[in-house]
Amino acid sequence: MAPEFKPFETQSQLKALMAGHFAEVDAAARDPDGRVAWCTSVGPAELLLSLGYKVYYPENHGALLGASRRANEFIPLANAVGYSPDICSYLTSDVGAFLARDTPLKKAYGISGVPRPDVLVYNTNQCRDVQDWFAFYSREFGVPLAGVHSPTKIGEVTRDHVQGMVAQYRSLLPTLESIAGQRFDPDRFREVLSLSARTTRLWKEVLWTARNRPSPVTFFDTTILMGPAVILRGTPQAVSYYDALLAELRERTRQGVGAVEGERHRLYWDGMPVWGKLRELGELFVELQSSVVVSTYCNSWIFEAFEEALAGADPFESMARAYLELFIVRSDAAKEDVMAHLLADFGAGGVIYHDAKTCPNNSNTRYGLPQRLAERTGLPFVILYGDLNDLRCYSEEQAKTNLEAFVEQLEGWKAGRLGR
Ligand code: SF4
């Protein structure tokens, strides 16, 4: 019998919020006076919102293509026009869907297609693929492409890093103002950043409820619950949703309700989700009485530096710092520190690394990090080879066997520690 999932009471609020967002962006794309900007998920969304743009995120569309298991229908279409099967499968599935003039947004939110952009804005802090991805659409729609080029693999985020990015963000303003048909307003920008700060603070509190035993929520919930932190940060609606969700999770904690019945193991997930297999993996972990309580991926939408804007700092500096402090931007040594602290903080007893074939940028398995972290913490790890969207790279059978063996190893390790 399949394990039972406990639906969240705030689920209908989440659905309405997401549907409302897509309806608004769709309406702006149809309105001659509306302005739509496409933005990378950790790009300068707050700047765009402050200039009155409705913001659409192609990566979110990529995730939807993966979660709805439609990615593999479309990837070959992008391959056929020269986008390699080895590059980001968000990119190839999204471009393929565009070429097929199809989208799961129709079924999910009732909109007829992806909203036409007026401008495309990227940040290479996560990878270079986003620049090529957005360049495709710039050619297709004949609209301007603007972006910032971020340093990557950095240890400490320095003042020079921040100032360099501030200069780049500021240099976007003339283009963005002219397309928006309005002048940049620093007060509005600060206001949007404070809404993002509140969203991100609440999102962290939501994720941090998983420090409780049993955890009221797992990675397989939070990958879905994070939608508004990704596409609606900077809006009051996201703040009220996370307020309600946090209250619900606190109540679950108070009642001792765990997301995984009889939780025996607590784990860390590093890397991208396998979007098309979230449900199956979630069910497997319930069977294995193991909660994935913390993840690099969901934590990536906690931007603590936004708080500096609330405290009166220059908003451009706060935004620049927030988008530089991101895990994916950091050196392996910095990543190792972050993970070691989180493992201790959440009481996690092991790490699952997802090595995603088409996203080397978010796969931390290739330069010895798992081995160094295991040596430092004494905690075991397992590597799953798969992909975020391209299910041809993922073997369910093999993943299941590896995860079952890993949990058995954890049992042995636990018994050894308890001297049994
Ligand atoms: S970070 Fe990975 S998944 Fe995200 S856009 Fe870049 S290659 Fe694709």
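This is a predicted model: local features need pLDDT of at least 70, side-chain atom pairs count only at pLDDT 80 or more; totals for chains, interfaces and linings use all residues.
User: Which residues surround the ligand?
Analyst: Glu59, Cys88, Tyr90, Gln126, Cys127, Asp129, Val130, Met272, Cys359, Asn361, Asn362 and Leu388. A residue is near a molecule or strand if its C-beta atom, placed from the backbone, lies within 6 Å of it.

User: How does that shell split by class?
Analyst: Seven nonpolar, three polar and two charged residues. Ala, Val, Leu, Ile, Met, Phe, Trp, Tyr, Cys and Pro count as nonpolar; Asp, Glu, Lys and Arg as charged; the others, Gly among them, as polar.

User: New topic. What is the strand order in the open sheet?
Analyst: The four strands run β6-β5-β7-β8, with parallel pairing. Strands pair if DSSP finds at least two bridges between them. Strands (E, at least two residues) and helices (H or I, at least four) are DSSP runs, numbered from the N terminus.

User: Which strands stand at the edges?
Analyst: β6 (290-295) and β8 (381-386). Each has a single partner strand, so one side of each is left without a neighbour in the sheet.

User: How many bridges join β5 and β7?
Analyst: Three, in the parallel sense, between β5 (residues 265-270) and β7 (residues 351-356). Tyr268 stands opposite Val351 in β7.

User: Which helix packs on the sheet?
Analyst: Helix α17 (residues 332-346), touching β5 and β6. Its direction makes about 155° with that of β5. Angles run from 0 to 180 degrees between N-to-C directions, and axes are lines fitted to C-alpha atoms, for helices over the stretch in contact. Contact means C-beta atoms, placed from the backbone, within 7 Å.

User: At what angle do α17 and α18 cross?
Analyst: Roughly 45°, and the axes of α17 and α18 (residues 369-377) come within 10 Å. That makes α17 oblique to α18. Angles under 35 degrees count as roughly parallel, over 145 as roughly antiparallel, 65 to 115 as roughly perpendicular and the rest as oblique.

User: And how do α9 and α12 pack?
Analyst: Helix α9 (residues 186-208) and helix α12 (residues 236-254) pack at about 20°, with their axes 9 Å apart. That makes α9 roughly parallel to α12. Their contact residues divide into 11 nonpolar, one polar and three charged.

Note on methods: Residues are numbered from 1 along each chain as its sequence is written. Two residues are in contact if their C-beta atoms, placed from the backbone, lie within 7 Å.
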